[in-house]
Amino acid sequence: MIDYIVVGIGLGGIAFCEQLEKNNKDFIVFDDDSQQSSNVAGGMYNPVTLKRFTSVWRSEEQLKMLTPFYKALENKLSVKVDHKIPVYRRFVSIEEQNMWFEASDKPGLRPFLSTKLIKNDNPSVDAPLGFGEVLHTGRVHTDLLQVSYTKYLDDKGRLKKEHFDYDALEINEASVNYKGIEAKHIVFCEGFGLNRNPYFNYLPLVGTKGELLEIECDELELDFILKSGVFIIPLGGKRFKIGATNKWKDKTNTPTEASRNELEEKLQNFLKCDYKVVDHIAGVRPTVVDRRPLIGNHPKHTPLYILNGLGSRGVMIAPYVSERLFEAIENNIPLEKEIDIVRYKKKYPTKYVGKTDA
């Protein structure tokens, strides 16, 4: 018997596997590469919601874990994935400037919002009112991370590149058996693929489709991430990532002309130089109605767990919630009520029963 089966190897799956390796647990991962939200993500992390100037849930705790987590992955995989880079918020009105400085004086935001008004000296960017700087920010190269980690697991013999067949899962009181593999626990980290999971698809994972462009722009010089109607993330070599859209109805990974037009229209509102679109990608983010992750134990089947719903902030939140889930499983440390799926027990299709009822 092994300790864990993990289904899905996006940001959540990677973070949970790191918990397992750190604690010397034996595990196997199943992934069929059907979910694209991690490898098409912008990868930006920042502790502030820049539309409303509010702090991100548990931002200090998440940031404390972020740097050592990705540094350990870089050492393990021999790749560079964490790039520290400031985020500048472009001001479009005096009112926005005032809102920024009011927010920067609030206790929960004071560590993250600079009180210095940054004047614009970039001829390629229209920003007469300047920028505000968000502190403790950066970008994780998520597609490189996912490719490198998948290879790492494959080389270790821990990866099964195949579709997970729920009908083949046998659930016992204190273990599961899947095609001859017996494990104490199984953790589903499937992203938007959760909607096919018969054990957890009662949970309100709505999913939002995000589309991004990659452009080449010879005249643009940026040593920061610029956030306005869209964000511009410098990738090096005169390439930039532009994003992102939020669509609630379309749940496919297919890029659309409408979203490309939307992104370009917003970009052209403040970019004053020519560019060329060289790539256009799409994926469905695992977003939840209450904007909190879905973490916890199945209401009926004791060996089944979920780690999902990381939304657009998976880079920051994955290390934090993966540790919370591991501690809950192994050491019976209660999950925070904001992320525990117990909050949705009324949505379970049959009478809710305790976790000891197999």
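**View 1. Tyr-70 and the residues around it.** In this predicted model, Tyr-70 is in contact with quite a list of residues once you leave aside its neighbours within four places in sequence. On that list are Leu-11, Val-81, Asp-82, Val-140 and Leu-145, plus Gly-314, Val-315 and Pro-319. Tyr-70 also belongs to the largest nonpolar core, which has 63 residues. Along with Phe-16, Leu-145, Tyr-149, Val-187 and Leu-307, Tyr-70 is among those with the most contacts inside that core. Which helix gives the most to this core? That's helix α6 (residues 314-331), with 10 residues. In soluble globular proteins, nonpolar side chains tend to be buried together.

**View 2. A second core.** Here's a separate core, made of 28 residues. Look for Tyr-166, Tyr-178, Phe-192 and Leu-194, which are included in it.

**View 3. Where helices α2 and α6 cross.** The axes of α2 (residues 59-77) and α6 come within 8 Å, and they cross at roughly 95 degrees. Angles of 65 to 115 degrees count as roughly perpendicular, so that's what we call α2 relative to α6. On the α2 side, the contact is made by Ser-59, Glu-61, Gln-62, Leu-63, Met-65, Leu-66, Phe-69 and our friend Tyr-70. On the α6 side, you'll find Gly-314, Val-315, Met-316, Ile-317, Pro-319, Tyr-320 and Glu-323. Sort the contact by class and you get 10 nonpolar, three polar and two charged residues.

**View 4. Glu-21 and its partner Lys-76.** Glu-21 sits in helix α1 (residues 11-22). Which side chain does the side chain of Glu-21 make a polar contact with? It's the one of Lys-76, at 2.6 Å. Not counting residues up to four places away in sequence, Glu-21 touches Phe-27, Tyr-152 and Arg-158 as well as Lys-76.

View 5. Most residues other than glycine have a negative phi, and most peptide bonds are trans. Ser-78 isn't a glycine, yet its phi is positive, about 60 degrees. You'll spot Ser-78 in the loop between α2 and β6 (82-84). Is Ser-78 buried or exposed? Ser-78 is exposed, with a relative accessible area of 65%. Lys-238 has a positive phi too, near 65 degrees, and lies in the loop between β16 (231-236) and β17. Lys-238 is partly exposed, with a relative accessible area of 28%. Finally, check the peptide bond from Gly-243 to Ala-244: it's cis, with omega near -5 degrees. Ala-244 is in the loop between β17 (239-243) and α5 (257-268).

Conventions. Residues numbered from 1 in each chain as written. Predicted model: local features only at pLDDT ≥ 70, side-chain atom pairs only at ≥ 80, totals over all residues. Heavy atoms only, no water. Core = buried A, V, L, I, M, F, W, Y, C linked by side-chain atoms within 4.5 Å. Buried < 20%, exposed > 50% of the residue type's maximum accessible area, 1.4 Å probe, protein only. Helix = DSSP H or I, 4+ residues; strand = E, 2+ residues; numbered from the N terminus. Contact = heavy atoms within 4.5 Å. Polar contact = N/O pair within 3.5 Å; in protein donor to acceptor, adjacent residues only side chain to side chain. Axes fitted to C-alpha atoms, helices over the stretch in contact; angles between N-to-C directions. Parallel < 35°, antiparallel > 145°, perpendicular 65-115°, else oblique. Nonpolar A, V, L, I, M, F, W, Y, C, P; charged D, E, K, R; others polar.
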